[in-house]
Amino acid sequence: MKKHAEYLVVGSGAGGATLARELSREGKEVLIVEAGKYEGHVGTFRDSLRYFDTTGYMTPRTSREGVILWRTIMAGGSTVVSCANGTRCLQEEFKDFGIELEDEFREAEREMKIAPTPKSLLSDASLRMLDVSAQLGYKMEPMPKFLDFAKCIQCAQCTFGCLQSAKWTALDYLNDAVSHGAEVLYGTEVKEVIAENGKVSGVRGRGKNGYVEIGADSVILAAGALATPLILQNSEVENAGGNLFIDIFVNVYGKAEGLHQTREPAMALVDHEFHDERSFILSPYINTNRTVRFMEAGRKGFMMPTGKLVGMMVKTADDSSGRVYPNGDVSKGVTSNDRKRIEDGVTVAKEILNGIGAQSFVVSKPQGAHVGGTAGIGRVVDENLETKIRNLYVCDASVLPKAPGMPPILTIVALAKWLGKALAH
């Protein structure tokens, strides 16, 4: 198969779909190449087995060191299974590279309709956490979300995808791009870029019917921080794959009589006060599905009574100590600094949970869902997000300069808007 595109975008998540939308709206010819497919039904655990990156045994992928890596391969990428958290992060760090994102943040926040979670959607447990946190002197507050609160049925199943289509996902931008003339090639995995005289001229990969080669004037890699570095490594771009972070988190579970968190949007509150100095945030969270709890916390997690389950996520800005290898293996352990951040956060989480009457605590294994840093700005791409190969750009979490320790979707959307405008003009 041979085609040619003015702009070829690899991946349709937060970065790829936003770029495709920006470019197609400016009348540019855009082709999006997506390894996954456009899922017709999402929202249940059974659905999620189709699009989460799992082993042959339907367990989540892990690093060599055993850290769980949550990742999807699908149209819309991880935005489909996100908790719809719309927080700014790394704005100052990008400004240091000359990338001013204020206008793009405001534009994205307006389009994604980001607003604080209303108290009316909180469970009794989270309302209690709000009160107890204040009594303890902590600063828990409503999480800003790209969620249509009127459509939300408080099912707590956000991480499987939304049955109600209540949250913004990159599919909203992808569909808009297609309505403006963009094409999408599904089920096609890009393996490497083709370069001639130091300038990109296309990509090679595998599609449903075998080998695929597509020509392009410009290529933007937005395949995610585990896939993008593989393409770069195969294309002999130096330093790609190193400095991996995953925003390591653990879930702290407790049992509380008369309370549970099964009827609220996931991560409806957040405490950011420890982020800058101690590198962790806290947010009410439970996995309602027993099988998922078994994956992350073993038999003890499985046996926790869902009808009395309360919990809190401790999310950290971890050390960028991981690596993606050319064969696809991922190395990411928990460093002593990572462990300290986790322990600090768990101590505060248990204090708050204890304050609402929880006991019998279970702490999950370390896991990560914000994979990034593997093609960092200033290291693999320049201040224009361009690699050493001319007209080859990267615009996904790979380029983030360090672990945000916070949900990065809004930042990636703002960055993609910025790059889209720069490329279109």
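Modeller: Here we go through a helix, the cores, some aromatic pairs and a few single residues. Keep in mind that this is a predicted model.

Biologist: Start with helix 9. How far apart are its end C-alpha atoms?

Modeller: Only 8 Å. Helix 9 covers residues 290-303, which is 14 residues, and a straight helix would reach 20 Å.

Biologist: Where is the kink centred?

Modeller: On Ala 297. The kink is about 145°. Ala 297 is also one of the buried residues of helix 9.

Biologist: Which others are buried there?

Modeller: Val 292, Arg 293, Met 295, Glu 296 and Gly 301.

Biologist: And what do the buried residues of helix 9 pack against?

Modeller: Helix 2 (45-51) and several strands.

Biologist: What caps the N-terminal end of helix 9?

Modeller: Asn 289. A side-chain oxygen of Asn 289 sits 2.9 Å from the backbone nitrogen of Thr 291.

Biologist: New topic, the cores. How many residues are in the largest nonpolar core?

Modeller: 102. Leu 8, Met 112, Val 219, Ile 220 and Leu 385 have the most contacts inside it. Helix 11 (residues 409-424) gives the largest share of this core, eleven residues.

Biologist: Which residues are in the second core?

Modeller: That separate core has 37 residues, including Met 140, Val 330, Ile 356 and Ala 358.

Biologist: Back to Ile 220. Buried or exposed?

Modeller: Buried, because its relative accessible area is 0%, and the cut-off for buried is under 20%. Ile 220 is found in strand 10 (residues 210-221).

Biologist: What does Ile 220 touch, leaving out residues up to four places away in sequence?

Modeller: Among them are Tyr 7, Leu 8, Val 9 and Val 10. Tyr 393, Cys 395, Leu 419 and Leu 423 are also on the list.

Biologist: And Leu 8, with the same exclusion?

Modeller: Its contacts include Leu 31, Val 33, Val 203 and Ile 214. Val 219 and Ile 220 are there too.

Biologist: Aromatics next. How many pairs?

Modeller: The count comes to nine aromatic pairs. In one of them, the rings of Phe 52 and Trp 70 have centres 5.8 Å apart and planes at 80°, so the pair is edge-to-face.

Biologist: Why does that pair tie parts of the chain together?

Modeller: Because Phe 52 lies in the loop between helix 2 and strand 3, while Trp 70 lies in the loop between strand 3 and helix 3 (91-96). Those parts are 18 residues apart in sequence. Both Phe 52 and Trp 70 are buried. Ring pairs also link them with Tyr 51 into a cluster.

Biologist: What about Tyr 138 and Phe 274?

Modeller: Edge-to-face again, at 5.7 Å centre to centre with 65° between the planes. Tyr 138 is in the loop between helix 5 (124-136) and strand 5 (141-142). Phe 274 is in the loop between strand 12 (269-270) and helix 8 (275-278). They are 136 residues apart.

Biologist: Are those two buried or exposed?

Modeller: Tyr 138 is buried at 19% relative accessible area. Phe 274 is buried at 8%.

Biologist: Last one, backbone. What is phi at Asn 197?

Modeller: Positive, about 55°, although Asn 197 is not a glycine. It is found in the loop between strand 8 (189-196) and strand 9 (199-207). Asn 197 is exposed, with 78% relative accessible area.

Biologist: And where is Asn 391 found?

Modeller: In the loop between strand 18 and strand 19 (392-394). Phi of Asn 391 is positive as well, near 65°.

Note on methods. Residues numbered from 1 in each chain as written. Predicted model: local features only at pLDDT ≥ 70, side-chain atom pairs only at ≥ 80, totals over all residues. Heavy atoms only, no water. Helix = DSSP H or I, 4+ residues; strand = E, 2+ residues; numbered from the N terminus. Expected span 1.5 Å × (residues − 1). Bend = angle between axes of the 7 residues up to and from the residue. Buried < 20%, exposed > 50% of the residue type's maximum accessible area, 1.4 Å probe, protein only. Contact = heavy atoms within 4.5 Å. Polar contact = N/O pair within 3.5 Å; in protein donor to acceptor, adjacent residues only side chain to side chain. Core = buried A, V, L, I, M, F, W, Y, C linked by side-chain atoms within 4.5 Å. Phe/Tyr/Trp six-rings, centres within 6.5 Å; stacked < 30°, edge-to-face > 60°.
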